[in-house]
2 protein chains.
Amino acid sequence: MNIGVFGTGMVGGTIGAKLISLGHNVMMGSREADNEKAVKWVAENGKNASQGTFADAAAFAEEFIFNCTSGMASLAVMEMAGKDNLTEKIIIDVSNPLDFTHGFPPTLSVCNDDSIGEQIQNTYPNAHVVKTLNTCNCLVMVNPSLVPGEHDVFVSGNNFSAKSKVTDILMNWFGWKNVIDLGDITTARGAEMMLPLWVRLYSAVGTPNFNFHIAR
Amino acid sequence: MNIGVFGTGMVGGTIGAKLISLGHNVMMGSREADNEKAVKWVAENGKNASQGTFADAAAFAEEFIFNCTSGMASLAVMEMAGKDNLTEKIIIDVSNPLDFTHGFPPTLSVCNDDSIGEQIQNTYPNAHVVKTLNTCNCLVMVNPSLVPGEHDVFVSGNNFSAKSKVTDILMNWFGWKNVIDLGDITTARGAEMMLPLWVRLYSAVGTPNFNFHIAR
């Protein structure tokens, strides 16, 4: 199917390449068409890869849009994508509001009583936002077996059918064994607030290829 | 040894009882001596249990004080304990700044660029604060085998020797197998910011007896 990916960074490139490898057509969206990184990504990913503006990628998407932009930019990105292009689409929000402008450790530009997932959902009530995958490295997102043993991915969202379709993608396309439904989109706060621990764990364990498991 | 426990709630009562069961003398501190819950706890825990004010319990402690008060109250508690009674002591900070005044879900009264652990350390530079155990239920804190499989507890603190002593308590007194040193006390932000996920996981998994494991 035709899928949109917002963002030309490591996350968008990795998820986009995985979707292409599964036989889908992927358009990578950025602020302006012919973004240098997007053009390079298309050249590397063959005839099912294309690129354009955020609006182009959103219009291209039959059902699913992966938001792989920085959380701090995500609302502006959605505005560029255009409300009409987002209506009835499922926005798989992988973003984190990491703010490195004050150095390391980063803070979150939004947290505690709000989240990027909620902000997108509240701004675009006719889209279905599902927050997921933001709590691990992008290589792990599309290849969870990189991390040995049992570990988990979370989903947050208001629309049960949308969460169910995203859970299907996570399990059957990306290979996740454990998907934990946290609840409605307000639970994205908890998932986004994992990041301050994540960045410190990255230093403590010495590899980005780790992930959270809820032992019980 | 003589150990102080601040707080008369579930967490203080559970940790205090565990310490007593290991043969230590424990004084439970509260705002005023003869607090009803503290008196009851002493009656239940035998001759090695005692109670008094926060200052009494801090003075009683030879080396270790467990801070099991609400994070929102912790700085006021430390002030009541008195700077001199805290000097050179190791404060094992189990608190979380959960704020339920606006209902469920709770927010954190401090987060993102600060934490309760840091606030106590910065206010009492001659004490050694080690943040730990705040990311699981109190029954799991002192009996990690309640949760099956591998799972982890975190420590954050500036003083290596204090962290090392606390790690010894966690492993040899409480039975923890995996202790992850996150780094200095600023890493307590990450540990405290796990709570918004924790409270939602409690609903999602249906038991408080779960814990985080860092698969890698």
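1. Which unit do β9(B), helix α8 (residues 160–173) of chain B and β10(B) make? They make a right-handed β-α-β unit, a crossover being right-handed if, with the strands pointing away from the viewer, the path from the first strand over the helix to the second runs clockwise. Helices (H or I, at least four residues) and strands (E, at least two) are DSSP runs, numbered from the N terminus.

2. This is a predicted model, in which local features need pLDDT of at least 70 and side-chain atom pairs count only at pLDDT 80 or more, while totals for chains, interfaces and linings use all residues; side-chain values use heavy atoms, with hydrogens and water left out. Residues are numbered from 1 along each chain as its sequence is written, and chains are lettered from A and ligands numbered from 1 in the order in which they are written.

3. On confidence, chain A averages a pLDDT of 98, and 100% of the residues score at least 70, where pLDDT is the predictor's confidence in each residue, from 0 to 100. For the complex, the predictor gives an ipTM of 0.96 and a pTM of 0.97.

4. Strand β9 of chain B (residues 152–156) is mostly covered, with five of its five residues buried, that is, under 20% relative accessible area, against over 50% for exposed and in between for partly exposed (1.4 Å probe, protein chains only). D152(B), F154(B) and S156(B) point one way from β9(B), whereas V153(B) and V155(B) point the other way.

5. Two strands pair if DSSP finds at least two bridges between them. Strand β8 (residues 128–132) of chain B pairs with β9(B) in the antiparallel sense over two bridges, and S156(B) in β9(B) is the bridge partner of K131(B). With strand β10 (residues 178–183) of chain B, β9(B) pairs in the parallel sense over five bridges, and there F154(B) has I180(B) as its bridge partner.

6. Turning to chain A, which has ten helices and eleven strands, helix α10 (residues 195–205) is mostly covered, since eight of its eleven residues are buried; among them are W198(A), R200(A) and V205(A). Just after α10(A), G206(A) takes a positive phi of about 80°.

7. With 216 residues, a compact globule would have a radius of gyration near 17 Å, and the 16 Å of chain A agrees; the radius is taken over C-alpha atoms, and the globule rule is 2.2 Å times the number of residues to the power 0.38. The C-alpha trace of chain A spans about 40 × 40 × 35 Å along its principal axes, and buried residues make up 59% of the 216 residues.
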